[in-house]
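Here is a short briefing on one protein model. Look first at the overall layout, then at the details.

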Amino acid sequence: IPIKKIRLRKLNMALINPFTTSFGTFNDKQFYIIEAEDEQGHVGYGESVAFTSPWYNEETVETNRHIIKDFLIPALQNTTIKHPADVGELFKPFRRNLMAKAAVEGAIWDLFAKQQNIPLSAALGGQMRTIDVGVSIGIKPSIEDLVNTVRKSVEQGYKRIKIKIKPGWDITPLSRVREEFPDIDMMADANSAYTLDQIDTLKQLDDLNLTMIEQPLAHDDIIDHATLQKAINTPVCLDESIHSLEDTRKAIELGSCRIINIKIGRVGGLTEAKRIHDYCMEQGIDVWCGGMLEAGVGRAHNIALTTLPNFTLPGDTAASSLYWHQDIISPEVTVQNGVIHVPTKPGIGFDIDVLALEKFTVEQEEFSL
Ligand code: OSB
Ligand code: MG
């Protein structure tokens, strides 16, 4: 894959609605867009999903810049990459920093698919023409507020409603939503807010007919999750705890979960995401594609990944308009009846809205390879 230069752009975009999880509230998003350009003028795009503070994992927007600039780009200099799957090998000397790696690898995957003149989904081996999507609803100021938001999402056709929970905002609001909507596909995400001391609360989830409970316990745990999974009927889904195929293998062996949320950034890129997908498929473990409040480039990567066959559960890649006044891709991601039609153009399949990209760029640096 000939690459001539890499451009790093820092963007700042305001969220339409503040998004609250058990670890805090997001009002806007700062992130890096990585552009990998070849001699012919093809440009591959990647998006880093780290936040400004290290509350989801240890990475931040600032650590992304440092790692990409001082380690990952130098590792790409004076080498030739035959396939995007080789990038992981080049980045292996650098521990973790998986979101930084995923952003750069993502730009190279997009460039590769554009050079081959095929959609990124096809380059990954995906075949689904449409993908099912759900929506993730943050912690709300009141139960009434939550019920109204769920109603709107159900009316918009989202196939699965995920509700963020934390101690003090769990069984009561979930029960109210279940009363109002007895038949919806509903799940909860705790973002690591509980410990086994609260197992009695977590056991009450079994009465709510949830599709799953996502990451109830510590961000770095797979042992206590196995204890919990034995004690409850609701399937446990791991998010924060899974960074690799190896983590996946161990979690499945221990019985820590029955479902895995795959996030490209959290596992270091599309290549590792696909490996985890393939392994889960062999093991009979369903997967779905998580979200990190991405802008259009990240969303496009999520859509491409979700075309693989074991993404049997709706993902969190909701429509651009739920997050942004204006997205950086054209057309923006739209959802009809809970479904996204997978784009068929080469690479990520969406054009970049260059004016929007420029408008949201607050810093820019360029490196020759
Ligand atoms: O745990 O899945 C998560 C948002 C920010 C950080 C972590 C998570 C989330 C979401 C929203 O649940 C996903 C999205 O809508 O992009
Ligand atoms: Mg989660």
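This is a predicted model: local features need pLDDT of at least 70, side-chain atom pairs count only at pLDDT 80 or more; totals for chains, interfaces and linings use all residues.

The protein splits into domain 1 (5-117 + 354-368) and domain 2 (123-341). Their centres, taken over C-alpha atoms, are 23 Å apart.

**Domain contact**
- Domain 1 brings 34 residues to the contact, and domain 2 brings 32 residues.
- On the side of domain 1 that touches domain 2, at least two residues come from each of β1 (5-21), β2 (24-37), β3 (43-47), α3 (98-116) and α12 (354-360).
- Helix α3 gives the largest share of that side, with 10 residues.
- The side of domain 1 that touches domain 2 holds 21 nonpolar, 9 polar and 4 charged residues.

**Helix α10**
- Helix α10 covers residues 270-283, 14 residues in total.
- From first C-alpha to last, α10 reaches 20 Å, close to the 20 Å expected at 1.5 Å a residue.
- Which residues of α10 are buried? They are Leu270, Thr271, Glu272, Ala273, Lys274, Ile276, His277 and Cys280.
- Gly284 follows α10 and has a positive phi, near 70°.

**Ligand 1**
- The residues around ligand 1 are Thr21, Tyr56, Ser136, Asp189, Asn191, Asp239, Gly290, Gly291, Met292, Leu293, Asp316 and Ala318.
- By class, this shell has 4 nonpolar, 5 polar and 3 charged residues.

Terms used: Residues are numbered from 1 along each chain as its sequence is written. Chains are lettered from A and ligands numbered from 1 in the order in which they are written. Domain bounds come from an automatic or database domain assignment. Two residues are in contact if their C-beta atoms, placed from the backbone, lie within 7 Å. Helices (H or I, at least four residues) and strands (E, at least two) are DSSP runs, numbered from the N terminus. Ala, Val, Leu, Ile, Met, Phe, Trp, Tyr, Cys and Pro count as nonpolar, Asp, Glu, Lys and Arg as charged, and the others, Gly among them, as polar. The expected span of a helix is 1.5 Å times one less than its number of residues. A residue is buried if 20 or more other C-beta atoms lie within 10 Å of its own, exposed if 12 or fewer, and partly exposed in between; C-beta atoms are placed from the backbone. A residue is near a molecule or strand if its C-beta atom, placed from the backbone, lies within 6 Å of it.
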